[in-house]
Amino acid sequence: MLRLPRAGGIAAAIAAVLVLVLVLSAVHLLPQLRNPFAETTTVRSQPVILKSISRYEAASGSFEVVVDLTKRTSLIPSFLEGSETLFLGQGTDIAVVDFSGLRNRAITMNADRTAVTVTLPKAQLEPAVLNVNQSYVYAQQQGLFNRIGNFFSGNPNSQQQVYQIAQQKIQTAARQSPLLAEAQKNTEGMLTGMLTSLGFQRVTVSFGGTGS
């Protein structure tokens, strides 16, 4: 007589198979099973839109300066009191055109919209930035009293003055360089290309306006 397996035996066998599958999966003998209750996170967002340009970094310049800082005390020989430091400073400065204050009257068009005039404020320089990783003291002489004083004071800012002088000299050199003129030239070229692509046949860019 043929005997059918009991329901309890079938359930036990299925449970044993599931346990075996889980064990083999845990030791990487079977592909990892995904947790059906695992939480998933989906992020949906629209493309990022550029709403405004507050300033245009139109030109940048790299500068190098040698600072010779000499300190002397009257009536005391330099080998006893005094110092001379030669410092090589390297830094950059950026010329920008500020767009943040522009108003509607800063942009005018002719009747048939074939010509446009844009009036911008003049380019301005940002504060010069000294590259401390490429700037260094390459020669220094100190009097005996100075060496003794620096040894005991351990002042980490003893060379701060040459860094400040170098930054100031780079700032002055940037003002005297053609950096501002180059910035306005680059800004004019950028706007001319952009507005021409929009269909304007003649583009005029002038500098010196207040943007109002």
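1. The protein chain has four helices and eight strands, where helices (H or I, at least four residues) and strands (E, at least two) are DSSP runs numbered from the N terminus. Along the sequence the elements follow the pattern α-β-β-β-β-β-β-β-α-α-α-β. The model is predicted: local features need pLDDT of at least 70, side-chain atom pairs count only at pLDDT 80 or more, and totals for chains, interfaces and linings use all residues. Residues are numbered from 1 along each chain as its sequence is written, and side-chain values use heavy atoms, with hydrogens and water left out.

2. Of the 212 residues in the protein chain, buried residues make up 22%. Buried means under 20% relative accessible area, exposed over 50%, and partly exposed in between (1.4 Å probe, protein chains only). Among contacts (heavy atoms within 4.5 Å) between residues at least 6 apart in sequence, 78% join residues at least 24 apart.

3. Helix H3, residues 160-176, has 17 residues and reaches 25 Å from its first C-alpha to its last, close to the 24 Å expected at 1.5 Å a residue. That expected span is 1.5 Å times one less than the number of residues. The buried residues of H3 are Val162, Ala166, Ile170, Gln171 and Ala174.

4. Gln171, in helix H3, counts as buried because its relative accessible area is 13%. A polar atom of the Gln171 side chain lies 2.6 Å from the backbone nitrogen of Ala128. For such polar contacts, the pair of N or O atoms must be within 3.5 Å; within protein, one must be able to donate a hydrogen and the other to accept it, and residues adjacent in sequence count only if both atoms are side-chain atoms. Not counting residues up to four places away in sequence, Gln171 touches Asp93, Leu125, Glu126, Pro127 and Ala128.

5. Thr92 belongs to strand S2, residues 82-98, and is partly exposed because its relative accessibility is 35%. Its partners, leaving out residues up to four places away in sequence, are Gly61, Ser62, Ala128 and Val129. Thr92 and Ala174 are 82 residues apart in sequence, yet their C-alpha atoms are 8.7 Å apart in space.

6. Ser135 sits in the loop between strand S6 (129-130) and strand S7 (136-142). At 5% relative accessibility, Ser135 is therefore buried. Its side chain reaches the backbone nitrogen of Gln90 at 2.9 Å, and a polar atom of that side chain lies 2.7 Å from the backbone oxygen of Asn131. Beyond its neighbours within four places in sequence, Ser135 is in contact with Phe87, Leu88, Gly89, Gln90, Leu130 and Tyr163.

7. Arg113 is found in the loop between S3 and S4. Its phi is near 60 degrees, a positive value in a residue other than glycine. Most residues other than glycine have a negative phi. Arg113 is exposed because its relative accessibility is 54%.

8. The largest pocket has a volume of about 310 Å³. A pocket, on a 1 Å grid over the protein atoms alone, is an open set of points where a 1.4 Å probe fits, with protein on both sides within 12 Å along at least five of seven lines; lining residues have an atom within 4 Å of a point. Of its 16 lining residues, Phe99, Leu102, Ile107, Leu191 and Met194 lie nearest the centre. Strand S3 (107-109), strand S4 (115-120) and helix H4 (179-197) each supply at least two lining residues, and the largest share, four residues, comes from H4.

How values were computed. Grid points are joined across faces, edges and corners, and a volume is the space filled by probe spheres set on the points.
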